[in-house]
Amino acid sequence: MKTTSLSCSSLFIFLVILSCSSWPAQSHGHHDFLRCLSLHLQNNTEISSIVYTPNNPSYLSILRSSIRNQRFTSASNPRPHVIVTPMHESQIPAIVLCAKENGMQIRTRSGGHDYEGLSYRSKVPYVVLDLVNLSEITIDVEQKTAWVQAGAIIGKLYYKISQTSRTLAFPAGACPTVGVGGLFSGGGYGPMLRKFGLVADNIVDARLIDVEGRILDRKSMGEDLFWAIRGGGGASFGIITAWKLNLVTVPATLTIFSISRTLEQNATELVHRWQYIAPNLPDDLLILISIGPVNSSTGEKTIQASFGSLFLGGVDTLLQVLEQRFPELGVKREDCVEVSWIQSALFFGGYSIKESPQVLTSRNPQIRSTLPIIRFYFKAKLDYVQEPISVSGFEGNLYKIQQLAYWDESGAEASGTSISWVRKLYSYMTPYVSKSPRAAYINYRDLDLGVNKEGNTSYAQASIWGLKYFKNNFKKLVRVKTTIDPSNFFRNEQSIPLRYSK
Ligand SMILES: Cc1cc2nc3c(=O)[nH]c(=O)nc-3n(C[C@H](O)[C@H](O)[C@H](O)COP(=O)(O)OP(=O)(O)OC[C@H]3O[C@@H](n4cnc5c(N)ncnc54)[C@H](O)[C@@H]3O)c2cc1C
């Protein structure tokens, strides 16, 4: 499902850098849940190895193991009554039924990258269902398909595929630690989206556990629900346990480059020009831009635009295309490197292409990626730019053209300054971005767009953010939600509401 009707290639990402425990005890209330689990699961050994309550010495480390935004590690954040880390899909129906019976919500966590921490934070009593142990990947090279369990990270998927063939690949996201549970259910895009579309376009089957504890596949869930969980976000509909993917074929040799230009080196004009060129490049070629402050060679602060690129082919062809289409960028042969697909995944994951691809399989790699938002506090917003922004629009105040701020200081002051800066930028961008609705991307969740009341919310209220994330698809998502989860058990601050909720 396309989350919006916008062309993927018109997606314009501003990535600008703003340089700039004791948790509430919640040990009550979970005893009945545990009692219920012990009745439904086979034996107590099984339960003790997958259940963590606040009294368990590993509770905190398990909870924090997949918190990707440091904003949500502080003492003021709520903690779950229980964390459950099932070893098998067959254990999940009992967890759903026991949570339901005991008035607890479920927060399902795969990779933990939710921008607002909704996979492990809730104001009401809740269980974190952490799928970390469900990360098996099976690849059928002949059929060019793969089954991947929802707790796997995309880096592990990439690595496994690369072990079977140099020319098989999958077009998912850039950051290797992102979970397939969240990324895929929100639509998902990555460096090969121009050629192969969204992740959602390449999913051919799925397994989901519904509110009744039934384990459904594509056939038994039906096409509407299968559509909804590929772009509508998984959390509103149930627990996805696995995806079946169509793998794609790529050339044995791809080419990457990354070059940077500061304001003094014509960055503003290049970014302006890029808006006209990038959407019309051949599908084999993606050029992304990230913009951030740097120190110039004279030590002055300036702004730098970095152009990062992936070309599904060799360097000779790439240089010909760039010479014809974007000569102003001045890319030279020595800026380019020919790589395998898995090396391109290292590059976009923030690693040296000389690194062992195995580094992609780690949830907490010892070798640090240069991608900053895995390590820091951050707040992000996303806009779709449908019409190119004028040079004067950029020059209006280039320092403030940013959609993401990250910072490395804890405390309310640092976060307050950074978050308010992002909000100001969002306001500044208003005239230049999509309107009616001002579109957003569910995978870049932003609670500033609006939140449900604790519990249920009205259709009208949820439309405020629902239409921004899903445009006209919102109505169909509501219909599917009402059919599959009529009691609205699977809910969070921005979940899909029921059809008739007031
Ligand atoms: C560093 C970083 C890089 C990113 N790069 C990209 C990118 O290249 N492309 C892109 O499209 N997005 C990207 N994102 C956004 C990312 O797709 C979303 O944050 C996504 O939701 C993360 O999935 P997760 O499993 O890691 O997160 P989680 O926090 O585990 O889950 C996110 C949401 O999905 C729900 N969920 C998770 N698993 C399941 C499941 N099995 N069943 C039902 N519901 C589930 C959670 O409850 C939560 O609501 C990036 C985010 C970060 C922080």
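Strand 4 (126-130) is mostly covered: five of its five residues are buried. Here a buried residue has 20 or more other C-beta atoms within 10 Å of its own, an exposed one has 12 or fewer, and a partly exposed one falls in between, with C-beta atoms placed from the backbone. Strands (E, at least two residues) and helices (H or I, at least four) are DSSP runs, numbered from the N terminus. This is a predicted model: local features need pLDDT of at least 70, side-chain atom pairs count only at pLDDT 80 or more, and totals for chains, interfaces and linings use all residues. Residues are numbered from 1 along each chain as its sequence is written.

- Strand 2 pairs with strand 4 in the parallel sense over three bridges. Two strands count as paired if DSSP finds at least two bridges between them.
- I83 has V128 of strand 4 as its bridge partner.
- Strand 3 also runs parallel to strand 4, joined by five bridges. There, V127 of strand 4 is the bridge partner of I106.

**Helix 4**

- Helix 4 spans residues 92-101, and its buried residues are I92, A94, I95, V96, C98 and A99.
- These buried residues pack against helix 1 (31-40), strand 2 (82-84), strand 3, strand 4, strand 8 (203-209) and strand 10. Contact means C-beta atoms, placed from the backbone, within 7 Å.
- Just after helix 4, G103 takes a positive phi of about 65 degrees.

**Ligand shell**

- The ligand is surrounded by 35 residues, and the closest are G111, G173, G179, G181 and G182. A residue counts as near if its C-beta atom, placed from the backbone, lies within 6 Å of the molecule.
- Strand 3 (105-109), helix 6 (180-185) and strand 10 (239-246) each supply at least two shell residues. Helix 6 gives the largest share, four residues.
- By class, the shell holds 15 nonpolar, 16 polar and four charged residues. Ala, Val, Leu, Ile, Met, Phe, Trp, Tyr, Cys and Pro count as nonpolar; Asp, Glu, Lys and Arg count as charged; the others, Gly among them, count as polar.
- Domain 1 (31-133) and domain 2 (135-249) each contribute at least three shell residues. The domain bounds come from an automatic or database domain assignment.

- Five strands form an open sheet in the order 5-6-10-8-9, with antiparallel pairing.
- Strand 5 (137-140) and strand 9 (215-216) stand at the edges with a single partner strand each, so one side of each is left without a neighbour in the sheet.
- Strand 8 and strand 10 pair in the antiparallel sense over six bridges. D205 has K244 of strand 10 as its bridge partner.
- Helix 5 (154-164) lies across strand 5 and strand 6 (145-149), at about 35 degrees to strand 5. Axes are lines fitted to C-alpha atoms, for helices over the stretch in contact, and angles run from 0 to 180 degrees between N-to-C directions.

- Another open sheet has four strands in the order 13-14-12-15, paired antiparallel.
- Strand 13 (285-295) and strand 15 (336-339) stand at the edges, each with a single partner strand, so one side of each is left without a neighbour in the sheet.
- From one strand to the next, the twist averages 20 degrees.
- Strand 13 and strand 14 (301-311) pair over eleven bridges. L286 has L310 of strand 14 as its bridge partner.
- Strand 12 and strand 14 pair over eight bridges, and S258 stands opposite G308 in strand 14.
- Four bridges join strand 12 to strand 15. F257 stands opposite C336 in strand 15.
- Helix 11 (315-325) lies across strand 12 (254-262), strand 13, strand 14 and strand 15, running at about 140 degrees to strand 15.
- Helix 12 (341-348) lies across strand 12, strand 14 and strand 15, at about 25 degrees to strand 12.

**S74 and the whole chain**

- S74 lies in the loop between helix 3 (59-65) and strand 2. S74 counts as partly exposed because it has 14 C-beta neighbours inside 10 Å.
- S74 and G411 are 337 residues apart along the chain, with their C-alpha atoms separated by 8.7 Å.
- The protein chain has 16 helices and 17 strands. Of its 502 residues, 44% count as buried.

Notes. Contact = placed C-beta atoms within 7 Å.
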